[in-house]
Structure formats: C-alpha cells, structure tokens
Amino acid sequence: MDRVGEVPDRYLSDEQRLMRETCRRYVDEVVRPFIDANREREWLFDPSQRLPPGILEEADRTGLRGLGVPDQYGGVGLDPATEAQTFSIIATEIARGDSGLADKLVQNWKISVLLRALAPRHLQDEWFPRYMADPQFLMAHCLTEPRGASDRWLPYNVPEANMDTRAVHRDGHWVINGRKQFISNGYDASLYVVYANTDRSAGMLEGTSSFLVPRDTPGLEVTRCNETVGGRYMNNGEIVFEDCRVPEDHLLAHGDALRKAGVYFRPGKIIQAAKNLGIGVAAFDDTAAFVQERVQGGRILIKHQAVAVRVAAMATKLEAVSALLRHAALAVDEDTPDAGRLCDMVKVFASQEILAVCQHAVELHGGYGAMLEVGVEKYFRDAAVYLHMDATVDVSNFKIVKAMFPSTAGTYAGPE
C-alpha cells in the first residue's frame with residue numbers, strides 16, 4: 001500500500017520513482033537516525049554546530065544538491081515538463097526526515113533554477129562549479145525586509161510599496177544599502193541573490209532589480225541568526241548592506257526583477273507545500289505506529305473510537321493536501337492560467353491542514369507528545385512556521401480572491 005499522503009507510484013515516471021527511492025534511503029538511513037539520536041542538538045545556540053557536515057555530504061553523494069543545476073556543471077537534469085512535480089516529490093520525502101534540512105536544500109534548488117534562467121554565462125561558469133565542489137555551499141534569496149514582506153505581494157504596484165533596500169549605479173558598480181530579514185539560509189550562505197529598488201519613481205514591479213552578491217563582498221554583513229521555533233536546522237538570518245559595491249556585471253535583472261523571479265516563486269510555493277506535507281506524513285507515520293502499540297484502558301489505542309476518528313481525519317487531510325499539491329504542480333509545469341492561484345491555494349491549505357495533523361499527533365501521544373525525546377512536538381513546531389513562510393495565510397487568501405475576481409476584489413493596501 002502507498003504511504004498515506006504520497007503520490008502513488010502509478011502517477012510517477014521511472015525517473016521520479018528512482019529519485020524518490022534514493023531520497024527515501026537517504027532519509028531513513030542518514031537523516032532520521034541522526035534526528036532520533038540528537039533531539040537536543042537543534043537547540044544549540046551556536047548555529048554552526050547544529051547540523052554536522054556529514055548530513056550535507058551524504059546529500060551531495062546521493063545527487064540531491066545538484067537539482068536545478070545545468071547538466072554541463074554536473075547537476076542533475078530534470079525533465080522540464082515535470083520539474084515542479086519532481087521537486088514536490090523529493091521535497092516531501094526530505095522534509096519527512098527534517099524540515100530544516102529540506103529548507104537548506106530547497107533554497108539551493110530554487111536559486112539554481114533562478115540563476116540558470118537569469119545569470120549571464122560567465123557568472124554561471126564561476127558559481128555553479130564552486131557550488132558543486134563544496135557540499136556545505138549554501139545560497140540565499142534576499143527579498144524580505146523588516147518593514148515589508150507579504151503585504152507587498154497583493155499587489156499594490158506603486159512607489160510607496162518599493163523596497164527600502166536601494167541600489168545606485170556608480171563608477172561601474174552597483175552600490176547597495178539596506179537590510180534584509182527572515183532570509184532562509186541567510187546566516188551561513190556563501191552566495192546571495194539580493195533585491196533592491198533602483199527607481200524610486202516607478203512601481204514595485206518596474207523599479208526592483210536583482211543582483212548576485214558573494215558573501216565576502218565588502219559592505220555585506222550577516223548580523224544575526226533568527227532563533228525560530230521550528231525548522232531549526234536551517235539557519236534563518238538577517239543581512240545588512242552598507243555601501244556594498246557589486247560589479248555591474250553581477251546584475252541579474254534590471255527593473256523587472258520581480259516579474260522575472262516568477263521562475264523561482266511558483267515552483268517555490270509548490271516546494272513549500274511539499275515540505276509541509278512531508279512533516280505531516282512523518283507525524284502520521286509515528287502516530288499510526290504509536291496507537292497500534294500503546295495500550296490504554298485494556299486495549300490498544302486504535303481500538304478506541306475517539307482515537308480512530310482522529311487517525312482517519314489525519315489521513316484524510318494528508319491525502320487532500322497531496323491531491324491539491326499534485327494538481328498545482330501539474331499546473332505550474334504546464335504553465336496554465338490558474339497556476340498562480342493554485343500555488344497560493346496549496347500553500348495556504350497545506351499550512352493549515354498539516355498543522356491540524358500535527359496537533360492530532362501531539363494529542364494522541366498524550367503526555368509523551370510534549371516530550372522532547374519522543375519527537376512528536378517537533379513536528380508541531382516545524383509545521384507552525386509554515387503559516388507565514390512564502391507569505392502569510394491572509395495575504396495569500398487576498399491574492400487568491402484577486403486572481404478569481406480581478407475586477408471587483410479590493411486593493412487591500414495603500415492610503416485610505
């Protein structure tokens with residue numbers, strides 16, 4: 001029988017089945033044994049000491065780091081016709097092992113796709129080989145700022161919504177000043193894609209540019225690791241740019257960077273929902289095993305009607321998320337008119353339903369559900385973070401309504 005919440009084998013190509021089997025071995029033989037044996041390690045307040053190098057080294061050996069990297073640089077080629085679907089299958093499996101690890105790898109995949117689409121050849125020739133040569137090499141996408149994030153995506157395309165981070169062209173360089181916050185992989189990345197305003201008179205969609213910025217660029221400072229409640233094996237960071245000078249040939253997109261980043265954003269929401277699903281699958285697997293072993297009131301837990309109802313609800317939620325995820329991923333691969341709306345829908349639906357699944361898991365474990373060494377509380381913490389990753393639930397819902405009723409929906413932002 002197929003695992004609850006996973007795409008049945010009959011829908012997968014031979015390549016996708018092999019990739020999932022490879023991921024499953026990696027998760028079951030490397031990731032989950034580490035997590036189970038080191039329940040307290042994610043709470044270390046030295047971010048560099050949390051995830052041992054061997055975890056990413058094993059991911060590299062299995063080929064998982066090369067997804068999205070062009071073949072000529074040693075990457076793992078994916079069929080463009082099913083790329084979003086394949087990413088979702090693999091992300092679900094890795095997040096079943098650990099959500100934070102999935103976050104680390106996923107950022108690399110998404111940025112590889114972005115660089116493949118936007119970076120000039122000489123930058124690809126420089127950075128893809130360096131990335132592939134170092135299993136610890138991480139990349140980060142610097143968009144969110146302390147004063148504005150999800151609300152900028154309603155859209156409200158006027159100068160008032162522009163990035164606070166600015167870039168000015170001067171003497172053959174772009175000089176960047178500003179601050180980015182809540183950046184996945186931001187604390188320990190080696191390479192950053194940075195978004196900044198380059199035209200204060202234009203709307204956000206016409207005045208935002210993107211740049212490729214190496215970590216060792218003077219004027220770039222990583223100021224802190226954000227200590228989150230979940231997903232703690234990905235070191236979320238804050239970055240400050242103070243007269244950060246970037247060569248002009250490191251410009252990726254001028255003025256229309258947010259539109260061109262669509263190659264990153266849509267698959268990104270698919271992968272986000274897929275990671276979320278992986279947490280729920282793990283929570284269900286552990287709970288299903290527990291309720292068939294634990295005896296209470298003279299019988300194993302699953303024989304109690306109240307327990308059976310909750311287990312059924314968990315399984316149904318997982319299957320519903322999985323079905324919508326597959327539908328949305330297919331729409332992205334086929335570039336259908338409803339792809340954007342479906343991406344927002346699955347992001348919202350997964351974040352709410354998987355949190356409910358994890359709450360059931362915690363409650364069905366009784367007092368053990370709150371204990372660090374059992375591990376079920378970790379699923380609940382990891383799932384809670386997804387309510388605001390890649391946009392908050394409310395802003396995503398506003399976008400869904402705007403997509404369905406563009407002529408009558410509100411603007412939801414701007415002056416009274």
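Two strands pair if DSSP finds at least two bridges between them. Helices (H or I, at least four residues) and strands (E, at least two) are DSSP runs, numbered from the N terminus. This is a predicted model, in which local features need pLDDT of at least 70, side-chain atom pairs count only at pLDDT 80 or more, and totals for chains, interfaces and linings use all residues. Residues are numbered from 1 along each chain as its sequence is written, and side-chain values use heavy atoms, with hydrogens and water left out.

Start with strand S4, residues 191-197. Strand S1 (residues 139-142) runs parallel to S4, joined by four bridges, and Cys142 stands opposite Val194 in S4. With strand S5 (residues 208-214), S4 runs antiparallel through seven bridges; here Tyr195 faces Ser210 in S5.

Now the second largest pocket. A pocket is an open set of points on a 1 Å grid over the protein atoms alone, where a 1.4 Å probe fits, with protein on both sides within 12 Å along at least five of seven lines; lining residues have an atom within 4 Å of a point. Its lining has 15 residues, and Glu83, Val263, Pro267, Val332 and Asp333 lie nearest the centre. Helix H8 (262-291) gives the most to this lining, four residues.
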